[in-house]
Amino acid sequence: MEQFLTFGIVGLTTAAIYAIVGSGLVLTYTTAGVFNLAHGAAGMLSAFAYWQLAFGWGWPVPLALAFVLLVLAPGFGLLVERVLMRPVQSLGEAERLVMAVALLIGCISVARWIWDPNVARPLRPFFADEPAIDLGLAAVTWHQLLTLGVAVLVAAGLWFLLGRTRAGTEMRACVDDRELAGLTGASPQRAARLAWVLGTQLAAIGGILIAPSVALDAQQLSLLIVSAYTAAVFGRLRSLPLTFLGALVVGGLESFLTGYLPQNDYLPGLRLAAPALLLFLALIVFPHRRLRGRERRLVKVPLPTMRGTLVFGGSVLLFAVFLVTVLDTEGLISYGPLFALGVVALSYVPLAGYAGQISLCQLSIAGIGAVVWGHLGGQGQLWALPVAVLVAAAVGALIAVPALRLSGIYLALGTAAFAVVLDRWVFTLPSFEILGVRIALFDQGSVEVHGPDLFGWQLTSERELLLFSAVLLALVSLAVAWLRRGRFGRALIALRDSEAAYATLGGRPLGAKVAVFALSAAIAGLGGALYGMVQRTVTAEQFNLVANLPVFLIAVIGGLGAVGTGLFTGLSYVAPPQLLGHFGSWANDASTLLIALAGMGLAHSPGGIVPRMRDEWSGLVRDRLLFPATGAVLALLWALYATDLIGGALFLVTAVVATTALRVWSTARQAGSRLEPVEWWGIRRPWRPEDREVISHGIAAS
């Protein structure tokens, strides 16, 4: 009984923190329409700032608390609302989610940059010198009592604010109907600002209260918010009382699992993954009608031309040949993952770009592909590669189960929870047997991965593996482009535009969703196997949720509907740390911060960078005179660089200047033909494949 009460008190204290943080999350979502994935990161930054003021610089604790809660947290909330979230308010839910992901990555990068993660920063509980209060069978520390008291005050304060004040009434009115509330004199922007300030303050309170019981680590503190996500989903992202109830369930579950979970090699990870598993189950079980956020603004998915796709595939191969001819062994090791990660990122194109299904676990599925290839392809057996792809596809079909009920932010939460369950529990399991078949994942360590045996030719060197990855990236890019032009690709676009209309016209949304999830998972599994080959050994940490977020963010920046996003993502993920690595050990955090900043600029280009680049450079590709000239110039520069007649910097600058000048010249040459009336297309200027789509739009508009 004593142990039960002790764990009950711990669970109640943890639940109080989750309730505080979760209520702030619900507040910002219901008022501003933004599910803030970076909510935990705001609490993390507040905890670090409090440590810096109170323990690093020796400020008095009350003064440090007041400065963090009354100055820094409100200022951060106002900055996020005004600079980041307001520009994407008119965009869809997916774009607002991407902005929150960018903010999360940026906060973690800034924290790791400012506060060295290798330095321990213990944070003392409040009233640590005071003796605990003896309750007979159990004891309560003053920090726990303070946490419970703060949770009660937060609940009472929110009840009074929302039910007894004009500001609260205005906030609730904006939740129900923003436009109607504006007509009655309420200000949706003012309500959103107040919600962001209060939400950030609640996150700061939760971060400061929970930091003494966990390590003051940027990534760990930011992901503790998964438990608060679960509490918020219990409240349907609207009800504060149900959010507090959900917090009690999550806190109690974590505490009692710690005390009563049987001790063996298979269950320790279950306690860490329990909140994410509970979130995954809650999303599936809760009523279908209440959990389908469909607000979004569709982004046009370009139709790739066969000529352009073939040119792109050839460019991938030429780029790979260029890399293997100019890089030494160290450079090949550094840039080796480029094409493999490009394949993983390409899995987002049919899933999120064509079908509109958001997934945050593609890199985790890639980890499954890497593990299967590592164990079955130990001697390079080529048959193990399609097996790894098929196993990953089966996992993708399994993930499609919640996709049948969920969409938008709810689907993103479900896939994120699936990723957390994988990296916190499944990937940590030792080997086990099912029906006499031994199954091993990372086996609580690392997995050695070998290159494939291509009909007696064993790929072992970095050059061979990089070229092999580039060939597969080019082939998969061609396949994805062919998919977009085919019947199934058109069906996925229709499914994204309107599931109801798609079903009315005879489509089967159930089968289409399962198929596209399986297809994208198969591509991710192939990319994971390639990633393992070039890395030689892989660990579970390389495929966790935090590692997945930058890949997802770069893919969105590139453009989820563009085939070239794969190469763009791989290059953008790998190149910046290598280029900045010469300046110090902070290069990795700095490059991640640059990715986050680029994601924060999504509002200025919601369609992505790759389609814009495609539009700008397509004229040069179609130019029968200047396109061969461009190839000749690049070949000449390549030869000069390979023979050491020019340096790398001169080669890069000259290549950029020359190709840009040729593109401008090509644009000027074709400017006249673009002004031709539609009646003369195909007569005064050559007919182009995209002209058919322009004419179709014109007929539909008339």
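**The nonpolar core**

Author: The largest nonpolar core comprises 206 residues, and those with the most contacts inside it are F35, L37, M44, Y50, Y229, F339 and Y354. A nonpolar core is a set of buried Ala, Val, Leu, Ile, Met, Phe, Trp, Tyr and Cys residues joined through side-chain atoms within 4.5 Å; buried means under 20% relative accessible area, exposed over 50%, and partly exposed in between (1.4 Å probe, protein chains only). Helix α23 (residues 509–535) contributes the most to this core, with 13 residues; helices (H or I, at least four residues) are DSSP runs numbered from the N terminus. A second, separate core of five residues includes L257, L261, L267 and L270.

The model is predicted: local features need pLDDT of at least 70, side-chain atom pairs count only at pLDDT 80 or more, and totals for chains, interfaces and linings use all residues. Residues are numbered from 1 along each chain as its sequence is written, and side-chain values use heavy atoms, with hydrogens and water left out.

Leaving aside neighbours within four places in sequence, F339 is in contact (heavy atoms within 4.5 Å) with V316, F319, A320, L323, L466, S469, A470, L473 and L567.

L351 belongs to helix α16 (residues 348–354) and is buried, with a relative accessible area of 0%. L351 and V516 are 165 residues apart in sequence, yet 5.9 Å apart in space, C-alpha to C-alpha. In soluble globular proteins, nonpolar side chains tend to be buried together.

Notes:
Helix = DSSP H or I, 4+ residues; strand = E, 2+ residues; numbered from the N terminus.
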